[in-house]
Amino acid sequence: QPLNAGGTGTVRLQSTAGVSQSAAVTAANLGVNAGGAVTLTNAGNTVSATFAASAGAGNAVSFTDAVGFSTGTVTAASVFSSAATGVTTTANGAISLTASTGSLTVGAAISAGGTGTVVLTTGAATGDIDVNAVVSSGTGNLAAQSGRSIAFGAGGGLTTGGSVALTSSNAAGTVTQSTGGTSVSATSGNLAITAPGGVGTSGQSFVFNVGTLTANSSANNGNQ
């Protein structure tokens, strides 16, 4: 049975076990608090504003959206006993967030505990990944796979004891940041960047602190 809260409504899901689906969710905002895994990967999901979720220890969060969305806060209400902010796993739980069309914005922190990996994906040629909050893992690998560009805003960054991959599949796709802070910290791992349109800009270098660097770009837009 589809869940449809319209273009401005909010869907809140809470369970002491896992949360999964057999039909699409339509809403502006979707919040999930689960004691098990969160598996919401129906291709028809249409969540146009905010997604927030937490999974039980050792469990993963997987979310696929047909349009663009942002991580943020879904407030508590009724049986949804506590607000959900960002996306969180513990004890090696992985996180996978996909926007099939549109952009994916990290507006609230994404945190995978232990060796949990984080994969952020946009599928469309106009789909950017905008990192405006911290994406982190204890030692798990982090990946941002963008249909166009990857941009780090103020307060945005990727931090892990593992490795980081930033990939644009667009011929004009870039990896940039808006401030002088360190956008990627992976001191024990590798940073791999594929950005055909360039890394950094003439006005702002792309700043990182990593063990090793692998870069593939046909343009050099700034100092790295």
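The side chains of Arg148 and Asp128 come together in a salt bridge, with 2.9 Å from N to O. Arg148 sits in the loop between S18 and S19, while Asp128 belongs to the loop between strand S15 (118-122) and strand S16 (129-131), so this pair ties together parts that are 20 residues apart in sequence. The two partners can be told apart by their cover: Arg148 is partly exposed, at a relative accessible area of 32%, whereas Asp128 counts as buried at 14% relative accessibility. The cut-off behind that word is a relative accessible area under 20%. The count of salt bridges comes to one. Please keep in mind that this is a predicted model.

**The overall picture**

Let us step back to the whole chain. The protein has zero helices and 25 strands. Its C-alpha atoms fill a box of roughly 50 × 35 × 25 Å along the principal axes. Of the 224 residues, 47% count as buried. Among contacts with a separation of 6 or more, 40% come from residues 24 or more positions apart.

How many aromatic pairs does the structure hold? There are five aromatic pairs in the structure. In one of them, the rings of Phe51 and Phe69 have centres 6.2 Å apart and planes at 80 degrees, so the pair is edge-to-face. The angle that counts for this label is over 60 degrees. Phe51 lies in strand S6 (residues 46-54) and Phe69 in strand S8 (residues 69-71), so the pair ties together parts that are 18 residues apart in sequence. Phe51, Phe63 and Phe69 form one aromatic cluster.

Another pair joins Phe152 and Phe206, whose ring centres are 5.6 Å apart with planes at 55 degrees, so this pair is tilted. Phe152 belongs to strand S19 (residues 150-152) and Phe206 to the loop between strand S24 (198-199) and strand S25 (208-216), so the pair ties together parts that are 54 residues apart in sequence.

| Residue | Relative accessible area | Class |
|---|---|---|
| Phe51 | 0% | buried |
| Phe69 | 2% | buried |
| Phe152 | 3% | buried |
| Phe206 | 1% | buried |

**Thr176 and its surroundings**

Phe152 and Phe206 turn up again around Thr176. Leaving aside neighbours within four places in sequence, Thr176 is in contact with Ile150, Ala151, Phe152, Gly200, Thr201 and Phe206. Thr176 has its place in strand S22 (residues 174-177). Is Thr176 buried or exposed? At 16% relative accessibility, Thr176 counts as buried.

Which strands pair with S21? Strand S18 (residues 142-146) runs parallel to S21 and is joined to it by five bridges. Within this pairing, Leu142 stands opposite Val164 of S21. Strand S23 (residues 184-194) also runs parallel to S21, with four bridges between them. Here the bridge partner of Thr167 is Thr194 in S23.

**Two loop residues with positive phi**

To finish, here are two backbone details for anyone checking torsions. Ser78 has a phi near 50 degrees, a positive value in a residue other than glycine. Ser78 lies in the loop between strand S9 (73-74) and strand S10 (84-85), and its 76% relative accessibility makes it count as exposed. Ala91 likewise has a phi near 50 degrees, again positive in a residue other than glycine. The loop that holds Ala91 runs between strand S11 (87-88) and strand S12 (95-99). With a relative accessible area of 45%, Ala91 is partly exposed.

Key. Residues are numbered from 1 along each chain as its sequence is written. This is a predicted model: local features need pLDDT of at least 70, side-chain atom pairs count only at pLDDT 80 or more; totals for chains, interfaces and linings use all residues. Side-chain values use heavy atoms; hydrogens and water are left out. Two strands pair if DSSP finds at least two bridges between them. Buried means under 20% relative accessible area, exposed over 50%, partly exposed in between (1.4 Å probe, protein chains only). Rings of Phe, Tyr and Trp (its six-membered ring) pair if their centres lie within 6.5 Å; planes under 30 degrees apart count as stacked, over 60 as edge-to-face and the rest as tilted. Contact means heavy atoms within 4.5 Å. A salt bridge is a side-chain nitrogen of Lys or Arg within 4 Å of a carboxyl oxygen of Asp or Glu.
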